[in-house]
Amino acid sequence: MYTWARRFIVPALFTTSCASMLGCIANIGGLDDEEESSGPGAGPGSGPGAAAGTGGGGSTGAGPGVEPTVCVPGVPRTSALPRLTKAQYDNTIRDLVGIDSQPSSMLAPDGVGSVDQRAWDGYKTAAETVAAAVMADPGARAKAIPCTPEGDGTACAHRLIDALGRRAFRRPLTDEERGRFQALYARRQELTETGSFDDGAQLIIEGFLVSPSFLMRAEINETPEGEHFALNSHEVASRLSYLLWGSMPDDALFAAADADALLTPEQILAQARRMLADPKSRGMVKAFHEHYLHMGPGTRWSNIQRDPAAFPDFDASMVPLLSEETDRFIEHVVFDQAGTFQELVTTPVGFVNASLAPLYGLDPAQFNGAELVPVDLDPTQRSGLFTRLGFLVSHSGYDRTSPILRGAFLQKEVLCADIPPPPPMVEGTPLPTDEDLTTNRARVDAQTAPDACKFCHHTYINPTGFALEAYDAVGAYQQTESFSGAPIDTRVSVDMGQSVVELDGPVALSEAIASSPEAQKCYVRKWVSFAYERELNSEDSCTVDELSAKLTQGGYTVLDLIADLTQSQSFRVRALQTEVAP
């Protein structure tokens, strides 16, 4: 779109009830800035490390004096105007008009609160760029424009407005909105250089992409349901699609919403199960587990270096393979095997090529090319997610293993143990290398023996990490220390929250994690927070308790868990926007 014409798009589309477009974006529907803001968390389509608090679940959390892990029945207060995250924006543009060029690179970083000038400028630039790309690409143009213009193109423009508008806003247009876009096309002579149909169509597309109803997943229906507002079917459809796909609804979900057939838990569950069978759900499951494992750019998984003298079989080209293998393993268990959390932690399958084969003790000559292929690993040595190369290598040091990194992660992130950070004065404590300390385990125990470290390390962290000493710093299985030849001892007593488990080695540790109620509940907690795009609150803890009980029974697949995230009351209704106590 011609840059000079962009000044006229906003006034032509929006009423004068807002002091400025920033006000319209942040205040559509009469909601104030506080109501638009949402709490932190990483949600679907956000990816690890992204600020995803713009999602639908941002809440004020538990009330004063209430622990968020204690169930208090109710519906949390959430944002009625969550903005699309950058990842959701890209996915939605792809599914809406067929442009898959990551236009979110032009947007401001994800954040919470009102839209500022930087964010608004980004939205305008992205909309202009995408609209131009649609008109220049025959496939995208055909996806966006459902007709061939005749005469002055008005009839086709009106069809474009109805068809694209319904999908862009994720609901039917109101008569007022339809009239605004029709008037925009009627003014194309003054707003564009040529006044042609193409210029007018591009103006319409750009207008939809800067509209609050596109940029926000508005939930403003006020039909009462008890003490709450019930979401209408189009709002539920949007919640479903952004939870499960990180994108807009498809035709089947739009049809269900149009038929007002997304009001009951049974109707919602049927759609959720259908959507989980769609390949688009695999991206969401991948994003969750990368969040669960702290994978992604700027993490331990992306910044891996090893001593080439100590580990000649490892080089930098293998680093991306570690993440790819982990992703493939998770997809295999969750989708191909319809597996459970327990199977995710215990399945002895790897995805291997000639590069990774030596680290798994396999003959590289048996693998052709770079493609990762499924392999049954030795079940006495490998058992599930935390015995895959990616986790082991990313939680090791340059020239040795790190029981502290491995144990701390499992305790804090997998068992949800509440372990405080180390005191600042102990950071950088050197590892003892006395001659009588012939194993890495003995050295780490001595390193963490001071009173400031001993309780947390010797009770929780070290024993958990010592069970994984059977793997070296590149994830290869080992039974003796490379620097001394001393046998490696993996017998430990691991605190699992409600019990201390005596076990020997990584396979036994994986089995203990799989059967641990703490690990199961921790996994559910992270799913609830991720799916609802908010920090857990006391109301969400009721959902956690219910789903954890199902997971503990066994046979409850990861896909069952995801589908049941749509069955909570808070998925179908929203709280009244009442005053929050200071």
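Which helix holds both Asp-175 and Arg-178? Select helix 8, residues 175–186: both lie there, three residues apart, about one turn of the helix. Helices here are DSSP runs of H or I with at least four residues, numbered from the N terminus.

Before moving on, know what is on screen. This is a predicted model, where local features need pLDDT of at least 70, side-chain atom pairs count only at pLDDT 80 or more, and totals for chains, interfaces and linings use all residues. Residues are numbered from 1 along each chain as its sequence is written, and side-chain values use heavy atoms, leaving out hydrogens and water.

**Stop 1: inside helix 8**

Show the side chains of Asp-175 and Arg-178. They meet in a salt bridge, 2.9 Å from N to O. A salt bridge is a side-chain nitrogen of Lys or Arg within 4 Å of a carboxyl oxygen of Asp or Glu. By this rule the model has 24 salt bridges. Asp-175 is exposed, at 65% relative accessible area. Arg-178 is partly exposed, at 23%. The cut-offs: buried is under 20% relative accessible area, exposed is over 50%, and partly exposed is in between (1.4 Å probe, protein chains only).

**Stop 2: helix 19 to helix 23**

Select Glu-413 and Lys-526. Their side chains form a salt bridge of 3.0 Å, N to O. Glu-413 sits in helix 19 (residues 403–414) and Lys-526 in helix 23 (residues 517–532), so the pair ties together parts 113 residues apart in sequence. Glu-413 is buried, at 17%. Lys-526 is buried too, at 19%.

**Stop 3: helix 23 to helix 24**

Stay on helix 23 and pick Lys-521. Its side chain meets that of Asp-545 in a salt bridge, 3.1 Å from N to O. Asp-545 belongs to helix 24 (residues 538–552), so this pair ties together parts 24 residues apart in sequence. Asp-545 is partly exposed, at 32%. Lys-521 is partly exposed, also at 32%. Next, select Arg-94, Asp-95 and Lys-280: salt bridges with shared partners join them into one network.

**Stop 4: helix 4 against helix 7**

Now select helix 4 (residues 86–97) and helix 7 (residues 154–168). They pack at about 155°, with axes 10 Å apart. Axes are lines fitted to C-alpha atoms, for helices over the stretch in contact, and angles run from 0 to 180 degrees between N-to-C directions. The two helices are therefore roughly antiparallel. The cut-offs: under 35 degrees is roughly parallel, over 145 roughly antiparallel, 65 to 115 roughly perpendicular, the rest oblique.
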